[in-house]
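Me: I'm new to this structure and would like to learn how to read its charged side chains. Could you walk me through them?

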Amino acid sequence: MSAATRVEQSISAAEKEPIELCELLHNLVAAYQSANKTKRILIQTPDERILLLGNTDLLAQMFDKLLENAIDFTADEGVIKFS
């Protein structure tokens with residue numbers, strides 16, 4: 001329980017900034033794809049911009065964990081679809 005409280009406090013205290021979500025996601029997927037040659041990572045996002053007010057580092061950490069888990073549980077030569 002105390003770990004969850006610390007995470008909530010960290011999120012609440014984080015500086016917020018405008019974030020273009022699709023750009024962030026495409027950058028993360030590109031970085032993971034270049035580092036993981038045995039798996040194919042596909043991304044599909046809307047054509048329009050999606051602006052959020054949040055913390056880029058925390059949001060990137062969250063998606064980072066999702067991609068890491070997907071990579072860990074995908075067989076070599078497998079495909080990960082991120083949308």
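Me: Which residue forms a salt bridge with lysine 65?

Reply: Side chains of opposite charge can pair when their charged atoms come close. A salt bridge here is a side-chain nitrogen of Lys or Arg within 4 Å of a carboxyl oxygen of Asp or Glu. In this case lysine 65 pairs with glutamate 68, with the closest N and O atoms 3.6 Å apart. This is a predicted model, where local features need pLDDT of at least 70 and side-chain atom pairs count only at pLDDT 80 or more, while totals for chains, interfaces and linings use all residues. Residues are numbered from 1 along each chain as its sequence is written, and side-chain values use heavy atoms, leaving out hydrogens and water.

Me: Where do lysine 65 and glutamate 68 lie relative to each other?

Reply: They are three residues apart in helix 3, so about one helical turn separates them. Helices are DSSP runs of H or I with at least four residues, strands are runs of E with at least two, and both are numbered from the N terminus.

Me: How many salt bridges are there by this rule?

Reply: The count is two. Aspartate 76 and lysine 39 also meet in a salt bridge, at 3.3 Å from N to O. That pair links distant parts of the chain, 37 residues apart: aspartate 76 is in the loop between helix 3 (56-72) and strand 4 (79-82), and lysine 39 is in the loop between helix 2 (21-35) and strand 2 (40-43).

Me: Is lysine 39 buried or exposed?

Reply: Buried means under 20% relative accessible area, exposed over 50%, and partly exposed in between (1.4 Å probe, protein chains only). Lysine 39 has 11% relative accessibility, so it counts as buried, whereas aspartate 76, at 53%, counts as exposed.
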